[in-house]
Each structure stands twice: as structure tokens, then as C-alpha cells.
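Open the structure in your viewer and get your selection tool ready.

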Amino acid sequence: MYNDKVVDHFTNPRNVGEMPEADIIGEAGSFKCGDTMKIYLKIEQDRITGVKFQTFGCGAAIASSSMLTEMVKGKTLEEAQRVTNEDVALELGGLPPLKMHCSNLAADALKDAIAKYRIKQSSSRA
Amino acid sequence: MQKRQVYLDHGATSPLRKEALEAMLPFLQERYGNPSSLHSPGRKVRTAIERAREETALALGAEPEEIIFTSGGTEANNIAIRGAAQARRGKGHLLTSSVEHHAVLDVCRELAGEGFEVTLLPVDRYGLVSPETVARALKPETFLISVMTANNEVGTVEPVAEIGALARERGILFHTDAVQAVGQLPVDVREMKVDLLSLSAHKFNGPKGVGALYVRRDTPLTPLYSGGGQERQLRPGTENVPGIIGLARALTLAVEELPEKSRRLKALRDRLIEGLLAMGDAVLNGHPSSRLPGNVNVSFNYIEGEALLLGLDLEGVAASSGSACTSGSLEPSHVLMAMGLGLQLARGSLRLTLGRGNSDGCVDYVLAVLAPLVDRLRKMSALYPGKQS
Ligand SMILES: Cc1ncc(COP(=O)(O)O)c(C=O)c1O
Ligand code: FES
């Protein structure tokens, strides 16, 4: 049901685990299925220098999480923010239609992290 | 460890056994007559079908004229429930359980939409329907009770004989979906006091696309289809001859082998359950003892079921799950939810169903590949609080 690339990211997920030194943690849950993802970012001068994730979810959710972390590593927050769930699915070589919503989890967790980071920045500047 | 192929999804379907295939082959080749024909090739096939009906009846403690061959469990359930409802002059009330297969639940839902009153009986945390709950839900207008013999997801064996007794006392029809039970448990229609019982051949090493409905003598049923007079008009259409022959052969053998098979599967089942629970943070779904000999259903906390299935499949293990996304819908299993499991545990369920081909080696292999998989998925889970020591 999944292509080889998805299976690879499921079997050998990149950047998986906790990051105690993270600057910010983003979270997202799917309303559709109740699955959950956490993303940990290390940020230096508005650039993502470190990223890790943890996911409770199906195979597609795990693979999307893994792929997203690969895609945003080294990007500026500005660039990272523009990554959509379709981009993640495309980079994975496609997901079954029923599993497209699973890629939202990763994109939403990232957006949550960036939004939280901006709030944190502006309040520390004030 | 060498990779193997281990099939642990006998609840979904089971492989056709050799004896059934051999019994079927002549009817796929030289014995092609239509059993309704008057000529000799037709009459010979008629004789074979009637023998198959006698064998099927014998295996269930029924009379041959009480057996209707169908296209499977789904059709048998439809003919029974809808047929009983339509045989009534007016509407009325029917009872079923909240853990039935969709082939029962959806028929009842449709009948509710057509003006019948339908009660969905609750179950306890093991998935059991209590006869007292049934008795309390009865109304003067109740004409049908449908409760499955054994549950397909969690393997819980329901107290059908007691429910049958209270239905019989009150003159209410009793149907049971015995698709998962036949060939796994002793099934006797008189002891169970059922009026209607559904079974399906592919669950006991028979062919797919054929089943049977036991219809107790004088049970009022309106046929769902119009056509020829086959199967006492309840299932008109030229018979699936090879299928019927295969069903009868597989059923006869399954019943003969039942005590031996049941003992063997129970031992494998209990060892499997023990090994799975030993992985920690896991719970057994379904009844601990009133349970199908081949059914194992365990929920792993912090893990999603589809991820488990995918990981197992990559190791050559075929299993199933109550997880939402495996069945195509996003809702988690209605059975696990009715049993009161939380959403997370319902999503983390794994069903392993044993059958004839399984051995101790299969159990060892599954446990060996599952332990590191569970560990890996837990460690990457956003919900895992870390190992409790
Ligand atoms: C309890 C139960 N009822 C009915 C069915 C449907 O049987 P069939 O596949 O023969 O239509 C199944 C099979 O999945 C089942 O497990
Ligand atoms: S089904 Fe929920 S993330 Fe895939």
C-alpha cells in the first residue's frame, strides 16, 4: 500500500527522538484520527540547525514526520514555514489518498513550533 | 533470524484445504451439469448437492431441509434478518448487540431507517452481552434477537444458548452470526436454541464466496430475491456447486478435527498472549477464558495499530488491527469502543488469529520480531512517557 520511499522512512526514520536542548517544541494532533506529533527545533539566527520528532501515528504519519525533518533542516524559518503537507507527500513519492491527512500532522507541528518561537522571540525582545 | 512468512489472520480468511479442493475439482470440470436439469448430468449434481446439505446439517445438528446455501456470511445474515423483518405484517422491534459484524449492524441500521425499532445492546468490558440485558430490553413488539456466537475482532464467545432459551420461551426469533464460531467451537443449533444461524466456508478452510443459513423449520422468512425456486426460494439462482461441495467437505473435517485443533490452538494462543503481555504496557482485549481458541487481540499503549501491522508485514507476518486507518474508515473499531476502550488503546490494537497451519515456530517468530518493533515504535511515540522502572 505504501511505496518504497515511505517504507524506508517508516523503517529507518531520520531525526527521531527527543531533543533536551531544543529552543522550541511544536505539537499537532489530528482531529480525524487522534494521532499526535511533536517536533523539536534548534534555531540559530532564524535558521533551523537541529530538528527531531516523535510521532504517535500510522506508517504514513511516521514517514511524513521523518521526511519533513529532512526537508527543513538548514532552512530559515521563513523558508521552512512555506513547506506544506503536499510538499512532504510529494517528496515521499506520493501517499494513498486516504492517508493524505497524515502528512498534515508534520506540517502542522512545524507551523506550531515556528509560531511559538516567534511569540517567544517577541516577548523576550520586549 | 531468518525471515519467514507467517499467516496470522485466519479471522479474515483461511487457506482452502486440500481435501476440499479435491472434492471440488470434478465439479469445476467434468461434473458441470445444472442441478435443476432433468437429465442425468444434472441429476447427478443434484444428488451431490443434497449429500452436501446432509453433511452440513449433520455437522450443525440440523435437518437437511433446514440448510440454505448462500454466497457467504454476509448474504446469510441479510436473508435472515431482513427476511424475518419483511415476513412481518407491520413493523416491530428487534435487538442486536453493539459488537456485531457490519453484515448484521448495517442491515439493522437500514431497517431502523425503514421504521423498525432497533435496540443496540451494550456489552461489558470483555465484549460480553448479558442475557439479563437482553431480557430487560425486550418489548411486546420484539420479534427478533440477533447476537453473534463469537466476535470476529476480540474472539469473545457470547452466551447464545441462554439468550436462545429466553427467546424461545417468549416466541421471539433468534438469529446468530456464527461465521467465526463454526469450525472453531462446537455448534449445535438445537442446544443453542437458534432459529437462524449464519456460517461462511472460507473461515474454516473452505472456499470463499459460499456460506449457509440454518433456517429452523417453520421460521417465517420473506425471500430477498426473485427468480428460480432454488434453495426453497430463499436464495434463488443456479447453485455455486463446487463451492457447496467444498463447504460441506471442509465443515465435516473441521468438526471431526475440532477437539484436537481446539486444544492445539488454545495452547498456541495462550503462549502468544503471555508473550505479548510480557512486553509491558499491553492489555488483552476480549474475554480471558470465554474466547475463540484461535483469537489473540492485544492493545499496545502509545503505539498506533497500522504502524504495527506495517512493521510486521515487512517481517513477513500477516496480522490485522482494530486501528481506524486499516479498514479504510477513520473511525476506530466499533467493537473496542463499545467495550469502553479509550481512543488510544483502540487505535493500538493488534489481532492475531491462529489456524491449522500455525505451529509453535510461528508463535516464537512473531514474538521475536514484535518485541523490537514495539520497542522502536514506543521510543518514537509522542505519547510515550519513557520506560517505567
Ligand atoms: C462475524 C462475521 N460475520 C460475517 C462475516 C462476513 O462473511 P463473508 O465474508 O462470508 O460474507 C464475517 C467475515 O468477515 C465475520 O467475521
Ligand atoms: S491515520 Fe492518523 S495520522 Fe495516519
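Start in chain A with strand E1 (residues 24–29); helices (H or I, at least four residues) and strands (E, at least two) are DSSP runs, numbered from the N terminus. Its covered face holds A:Ile24, A:Gly26 and A:Ala28, while A:Ile25, A:Glu27 and A:Gly29 make up the uncovered one. In a regular strand, side chains alternate between the two faces of the sheet.

A word on the model: it is predicted, with local features needing pLDDT of at least 70 and side-chain atom pairs pLDDT 80 or more, whereas totals for chains, interfaces and linings use all residues. Residues are numbered from 1 along each chain as its sequence is written, chains are lettered from A and ligands numbered from 1 in the order written, and side-chain values use heavy atoms, leaving out hydrogens and water.

Select A:Glu27 and you will find A:Lys38 of E2(A) opposite. Six residues separate the strands of this hairpin, and A:Gly34 in the turn has a positive phi of about 85 degrees.

Now move to chain B and pick B:Gly73, in helix H3 (residues 73–86). B:Gly73 is buried at 10% relative accessible area (buried means under 20%, with a 1.4 Å probe and protein chains only).

Finally, show ligand 1. H3(B) gives the most to its shell, with three residues. A polar side-chain atom of B:Thr74 lies 2.6 Å from a ligand 1 oxygen atom, and one of B:Lys203 lies 2.8 Å from an oxygen atom of ligand 1.

Terms used. Buried means under 20% relative accessible area, exposed over 50%, partly exposed in between (1.4 Å probe, protein chains only). Two strands pair if DSSP finds at least two bridges between them. A polar contact is a pair of N or O atoms within 3.5 Å; within protein, one must be able to donate a hydrogen and the other to accept it, and residues adjacent in sequence count only if both atoms are side-chain atoms.
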